[in-house]
Amino acid sequence: MKKILALTLTLLLVAALFAGCGNKDDQTTRLIMVTGGTSGTYYAYGGVIATMLTDKVQNLEITANTSGASAANARSLKNSEAELAILQNDVLDYAYNGTEMMADDGGMPTLRTIATLYPEVVQIVATKSSGIGSVADLKGKRVCVGDAGSGTEANARQVLAAYGLEFSDLGKVENLSFGDAATAMQNGTIDASFTTAGVPNPAITELNNTTNIVIIPIDGAEAAGLLAQYPFYSEYTINDDDYGVGGAKTVAILATLACTKDLDEDLAYNITKALFENQATLAAGHAKGNELSPASAVQGVSIPFHPGAEKYYKEIGVL
């Protein structure tokens, strides 16, 4: 009887140990990261980030999902449909404050920044034949300002205002995608276009193969005023070799990893730390990983950092 009792206790102990091991999976935190369309940078780079964080942060599993990009991602965070999101920092600002394209949503004060990831550059391209050499020269010209209701359209409005211009001062305003705008410039139906995207942009590169173009600068006192009014902008220089034509100083907004205040502070800290300690892994997985750095990750941020992210930045001395 004693042997049977001892054996029973041993079996119970072993079962308990195995149960404990099985519960490790139950301790895993599973998060959804919303990104962008399957053909875009947000989705591809977001997948690399999600894989790295899943691998490097203990008891964390992140799934990167396709989405309608910035505005839709802000709404997903607000509605608790996702815990992490990649979106433009200007749209993040609009969502937080309930302005511009996010005005109908009302403010989203629970949104928080983890890190800015890479610049999305405001690029004004004009045909050389148009004679446009400055933003002021856009007055009376045929200009594409991006898709209606897009971040590019908001950028175009803000840049023009910095130079004392409105859409009504333009000769013709077109709302077109980047590709359609390039086609229209090639066909001579518009003179210039605004594009907010990474450099080099494929549509501009393609246009430059068929049409003589110039890059219009956003600089001087007007750029300084723009940065002062809208802290989500940062300075950027388009180099001569980016498109094989003369470069120019301009401004950029930033692709940003965001969350809400509800994300656990320790988890947010570990996510932020892992991003920068594994930057080489991100760079190996996607070219945009080369543009990630702690110093630039805290630039252009106009809404609060998550406390976990802020703790990490203060530890390494960039905040």
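Eleven salt bridges are present in the structure, a salt bridge being a side-chain nitrogen of Lys or Arg within 4 Å of a carboxyl oxygen of Asp or Glu. The structure is a predicted model, in which local features need pLDDT of at least 70 and side-chain atom pairs count only at pLDDT 80 or more, while totals for chains, interfaces and linings use all residues. Residues are numbered from 1 along each chain as its sequence is written, and side-chain values use heavy atoms, with hydrogens and water left out.

The predictor's confidence in each residue is given by pLDDT, on a scale from 0 to 100. The chain has a mean pLDDT of 91, with 92% of its residues at 70 or more. Over residues 5-24 pLDDT stays under 50, and for this segment the model has one contact beyond four places in sequence; contact means heavy atoms within 4.5 Å. Of the contacts in the chain with a separation of 6 or more, 74% are between residues 24 or more positions apart.

The chain contains 13 helices and ten strands. These elements are DSSP runs numbered from the N terminus, with helices (H or I) of at least four residues and strands (E) of at least two. The C-alpha trace spans about 100 × 35 × 35 Å along its principal axes. Of the 319 residues in the chain, 46% are buried. Relative accessible area, computed with a 1.4 Å probe on protein chains only, is under 20% for buried residues and over 50% for exposed ones, with partly exposed residues in between.

Among the salt bridges is the pair E100 and R157, whose closest N and O atoms are 3.0 Å apart. E100 lies in the loop between helix 4 (89-97) and strand 4 and R157 in helix 5, so this pair ties together parts that are 57 residues apart in sequence. E100 is partly exposed, at 34% relative accessible area, and R157 is also partly exposed, at 35%. A network of salt bridges links E100, E153 and R157.

For D262 and K261 the N to O distance is 3.6 Å; D262 is exposed, with a relative accessible area of 60%, whereas K261 is partly exposed at 47%. For K288 and E291 the N to O distance is 3.2 Å. K288 is buried at 12% relative accessible area, and E291 is partly exposed at 31%.

Helix 5 also holds Q158, which is buried at 3% relative accessibility. Apart from its neighbours within four places in sequence, Q158 is in contact with Y94, E100, L226, Y230, F232 and Y233. Q158 and Y230 are 72 residues apart along the chain, and their C-alpha atoms are separated by 8.8 Å.

Pockets were defined on a 1 Å grid over the protein atoms alone: a cavity is a set of points where a 1.4 Å probe fits but cannot get out, whereas a pocket is an open set with protein on both sides within 12 Å along at least five of seven lines, and lining residues have an atom within 4 Å of a point. The lining of the largest pocket comprises 32 residues, with Q88, E120, F178, T196 and A197 nearest its centre. At least two lining residues come from each of helix 2 (41-56), helix 3 (70-78), strand 4 (111-127), helix 5 (151-162), strand 7 (192-197) and helix 7 (202-208). The lining has twelve nonpolar, 17 polar and three charged residues, where Ala, Val, Leu, Ile, Met, Phe, Trp, Tyr, Cys and Pro count as nonpolar, Asp, Glu, Lys and Arg as charged, and the others, Gly among them, as polar.

Backbone geometry was also examined. Most residues other than glycine have a negative phi, and most peptide bonds are trans. V199 and P200 are joined by a cis peptide bond, with omega about 0 degrees, and P200 lies in the loop between strand 7 and helix 7. N59, a residue other than glycine, has a positive phi near 60 degrees. N59 is placed in the loop between helix 2 and strand 2 (60-65) and is partly exposed at 32% relative accessibility. E100, likewise not a glycine, has a positive phi of about 45 degrees.
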